[in-house]
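Here is a note for a colleague who is opening this entry for the first time. Please read the points with the structure in view.

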Amino acid sequence: MKTRVTGLGGFFFKSKDPEKLKAWYGKHLGIPVDNYGWTFKWQDDVGGKGTTQWSPFKEDTSYFKPSEKDFMMNFRVENLHELLSVLKEEGVTIVGKVEEYDYGKFGWIIDPENNKIELWEPIDSAFL
């Protein structure tokens, strides 16, 4: 498997008041926030396009479990099922089962410092 991570898909973090925080970022930094935070579009130096999601979550979210950390990174990947098989063979802890939506496939792993990492194989046409 030659390509694993292709980019940063998102940064998710816990917040005492996600709505107030999004409003602050909107007002003071001009970030065009919506219900989920901010989806910003980008283009890399070879013409690849994509999006990255910035999202504050409620402080009591269980979405980052089993990690107790206040954040979770999301990485864009190619061929999620193959990558998870390779990672499992390499001894990486896999969390849960792959979930598939019309905007992509998601899987989760745990790194050596107990950070939950979300792996996302986007359906690129929806995220260009």
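**Notes on the sheet, the pocket and the backbone**

1. Strand 5 and strand 6 are paired antiparallel, and six bridges join them. One of the contacts to look for is that of Glu 100, whose bridge partner in strand 6 is Lys 105. Please keep in mind while reading that this is a predicted model.

2. These strands belong to an open sheet of seven strands, which runs in the order 2-3-1-4-7-6-5 and has mixed pairing. At the edges of the sheet are strand 2 (38-43) and strand 5, each of which pairs on one side only. Neighbouring strands are turned against each other by 20 degrees on average, when direction is ignored. As background, strands of a sheet pair through backbone hydrogen bonds, in either a parallel or an antiparallel manner.

3. The largest pocket has a volume of about 580 Å³. Two or more residues of its lining come from each of strand 1 (5-15), helix 1 (18-29), strand 3 (49-58), strand 5 (93-101), strand 6 (104-110) and strand 7 (116-122), and strand 3 gives the most, with six residues. The lining has 24 residues, and those that lie nearest the centre of the pocket are Phe 12, Tyr 36, Gln 53, Ser 55 and Tyr 103. By residue class, the lining divides into 11 nonpolar, eight polar and five charged residues.

4. After helix 1 comes Gly 30, which has a positive phi near 70 degrees.

5. Some backbone details deserve a look, since most residues other than glycine have a negative phi and most peptide bonds are trans. The peptide bond from Lys 65 to Pro 66 is cis, with omega near 10 degrees, and Pro 66 lies in the loop between strand 3 and strand 4 (71-77).

6. Asn 79, although not a glycine, has a positive phi of about 50 degrees, and this residue is found in the loop between strand 4 and helix 2 (80-89). Its relative accessible area is 36%, so Asn 79 is partly exposed.

7. Which value does phi take in Asn 114? It is positive, near 65 degrees, in a residue other than glycine. Asn 114 sits in the loop between strand 6 and strand 7, and it counts as partly exposed because its relative accessibility is 34%.

How values were computed:
Residues numbered from 1 in each chain as written. Predicted model: local features only at pLDDT ≥ 70, side-chain atom pairs only at ≥ 80, totals over all residues. Heavy atoms only, no water. 1 Å grid on protein atoms, 1.4 Å probe; cavity = no way out; pocket = protein on both sides within 12 Å on 5 of 7 lines; lining within 4 Å. Points joined across faces, edges and corners; volume = space filled by probe spheres on them. Helix = DSSP H or I, 4+ residues; strand = E, 2+ residues; numbered from the N terminus. Nonpolar A, V, L, I, M, F, W, Y, C, P; charged D, E, K, R; others polar. Buried < 20%, exposed > 50% of the residue type's maximum accessible area, 1.4 Å probe, protein only. Pairing = 2+ DSSP bridges. Axes fitted to C-alpha atoms, helices over the stretch in contact; angles between N-to-C directions.
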